Amino acid sequence: QVQLEEFGGGVVQAGGSLRLSCAASGDRFNRYPMAWFRRAPGQEGEFVAAIGWGGAITNYADSVKGRFTISKDDTKNTAYLQMNSLKPEDTAVYYCARGTFLESIYTTTWDAWGQGTPVTVSS
């Protein structure tokens, strides 16, 4: 059973930046798509960004396009979410998720989740 652990959350002022990391246990990390989701207080969870297992394909929620960048380092079994130009509405708990072996980010099921890391953006 894979374990995912997020790092890098914190408190930042509007306009600032944070980089979240997601460390995955196990092998064949480079054969799984990865994604980030978030859940703001009192709201439903929402998709933020995803990256294909090959690393070339990415997808973003409209609300973060141009500000957030998802990436991964297969040598470190780690996925990242670089968040720039942060806004108060980005405040949420951020979760990383792993998809299904060799599946596309558009068809996969996100079936492994981390515990989340909180991000607070102050105005």
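A residue is called buried under 20% relative accessible area, exposed over 50%, and partly exposed in between (1.4 Å probe, protein chains only). This is a predicted model, in which local features need pLDDT of at least 70 and side-chain atom pairs count only at pLDDT 80 or more, while totals for chains, interfaces and linings use all residues. Residues are numbered from 1 along each chain as its sequence is written, and side-chain values use heavy atoms, with hydrogens and water left out.

Select Cys22 and Cys96 to begin, and show their side chains: the two form a disulfide, with sulfur atoms 2.0 Å apart, where a disulfide is a pair of cysteine sulfur atoms within 2.5 Å. By this rule the count comes to one disulfide. The link of Cys22 and Cys96 is right-handed, with 55 degrees about the S-S bond. This pair joins distant parts of the chain, 74 residues apart, because Cys22 lies in strand S3 (residues 18–24) and Cys96 in strand S9 (residues 92–98), strands being DSSP runs (E, at least two residues) numbered from the N terminus. Cys22 has a relative accessible area of 0% and is buried, and Cys96, at 1%, counts as buried too.Next, select Arg28, which sits in the loop between S3 and strand S4 (34–39).

Finally, go to the loop between strand S7 (68–73) and strand S8 (78–83), where Asn77 is found. Asn77 is not a glycine, although it has a positive phi of about 50 degrees. Is Asn77 buried or exposed? With a relative accessible area of 18%, Asn77 is buried.

Methods: Helix = DSSP H or I, 4+ residues; strand = E, 2+ residues; numbered from the N terminus.
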